Amino acid sequence: MIKQGLRKRVTALVSAVTALMFVAAAVPSSASADTMRTLNVALSCETGLPYGMSVNNGSGWYYPNGSSYAVGTTKYFTVYIPASASEIAIDTGYCDNENPSTFGEPWYGSYYGLTPGTSTINANGYCYWGSMYPGFYFRACTLSNITYS
């Protein structure tokens, strides 16, 4: 009798835990449901037109969803980043007339603080070549004139 009652309780407990696991898996957490905000960057390069723009907002480099168009040697990017982002750095895939085979490291640049929120971020970006010593070149990208609208 005691064994049978214990078995029923254990079965009921396992069923309840299983049901809770299914409910938890079906409901997205609020942390993963971060809203997005628009980032507009007018990006140019020292050597020519940039191709692609990657972003790092503290969780690694990625190419955000969005669009771009070129006017002369400036490319205007409209992309979407998490509204919770409190910092940002940018890079480009490559620029016209640069020689990536001479890079010593893939990227040197700066991170910039952002005010988290849903307002649109507008900025100018510039990528240039630098040299730490002969034969060691790198591309660095900077942001300037960061405004919110």
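**Y126, with a relative accessibility of 34%, is partly exposed.** Y128 falls in the partly exposed class as well, at a relative accessible area of 30%. Buried stands for under 20% relative accessible area, exposed for over 50% and partly exposed for values in between (1.4 Å probe, protein chains only). The model is predicted: local features need pLDDT of at least 70 and side-chain atom pairs pLDDT 80 or more, while totals for chains, interfaces and linings use all residues. Residues are numbered from 1 along each chain as its sequence is written, and side-chain values use heavy atoms, with hydrogens and water left out.

**Aromatic pairs: the structure contains 3 of them.** Y51 and Y94 are stacked, because their ring centres lie 4.9 Å apart and their planes meet at 20 degrees. Y51 sits in strand β2 (residues 50-51) and Y94 in strand β8 (residues 94-95), so that distant parts of the chain, 43 residues apart, are linked by this pair. The relative accessible area of Y51 is 30%, which makes Y51 partly exposed. Y94 is also partly exposed, at 43%. Y126 and Y128 make up another stacked pair, with 6.1 Å from centre to centre and 20 degrees between the planes. Pairing applies to rings of Phe, Tyr and Trp (its six-membered ring) with centres within 6.5 Å; planes under 30 degrees apart are stacked, over 60 edge-to-face, the rest tilted.

**A nonpolar surface patch is formed by Y69, V71 and Y76.** Together these three residues have about 300 Å² of accessible area (Shrake-Rupley method, 1.4 Å probe; for residues, only the protein chains shown count as cover). Y76 belongs to strand β6, which runs over residues 74-82. With a relative accessible area of 31%, Y76 is partly exposed. Patch residues have over 30% relative accessible area and no salt bridge; like charges are joined within 9 Å and nonpolar side chains (Val, Leu, Ile, Met, Phe, Trp, Tyr) within 5 Å.

**The largest nonpolar core comprises 22 residues.** Its members with the most contacts inside the core are L39, M53, I81, I88 and I90. At least two core residues come from each of β1 (36-45), β6, β7 (87-91), β11 (121-133) and β12 (136-148). Strand β1 gives the largest share, 4 residues. A core is a set of buried Ala, Val, Leu, Ile, Met, Phe, Trp, Tyr and Cys residues joined through side-chain atoms within 4.5 Å.

**I81 is in contact with residues beyond its sequence neighbours.** Apart from neighbours within four places in sequence, I81 is in contact with T35, M36, R37, L39, V55, N57, Y62, I88, L114 and I121 (contact: heavy atoms within 4.5 Å). R37 is buried, with 1% relative accessible area. Between R37 and I121, which are 84 residues apart along the chain, the C-alpha separation is 7.9 Å.

**D91, E98 and R139 are linked in a salt-bridge network.** The structure has 2 salt bridges (a side-chain nitrogen of Lys or Arg within 4 Å of a carboxyl oxygen of Asp or Glu). One of them joins the side chains of D91 and R139, at 3.1 Å from N to O. D91 lies in strand β7 and R139 in strand β12, so this bridge links distant parts of the chain, 48 residues apart. D91 is buried at 8% relative accessible area, and R139 is buried at 4%. R139 also forms a salt bridge with E98, where the closest N and O atoms are 2.5 Å apart. Because E98 lies in the loop between β8 and β9 (108-109) and R139 in strand β12, the pair ties together parts 41 residues apart in sequence. E98, like R139, is buried.

**The whole chain contains 1 helix and 12 strands.** Helices (H or I, at least four residues) and strands (E, at least two) are DSSP runs numbered from the N terminus. The chain has 149 residues, of which 30% are buried. Among contacts with a separation of 6 or more, 73% are between residues 24 or more positions apart. The accessible surface of the chain is about 9,100 Å², with 60% of this belonging to carbon and sulfur atoms.
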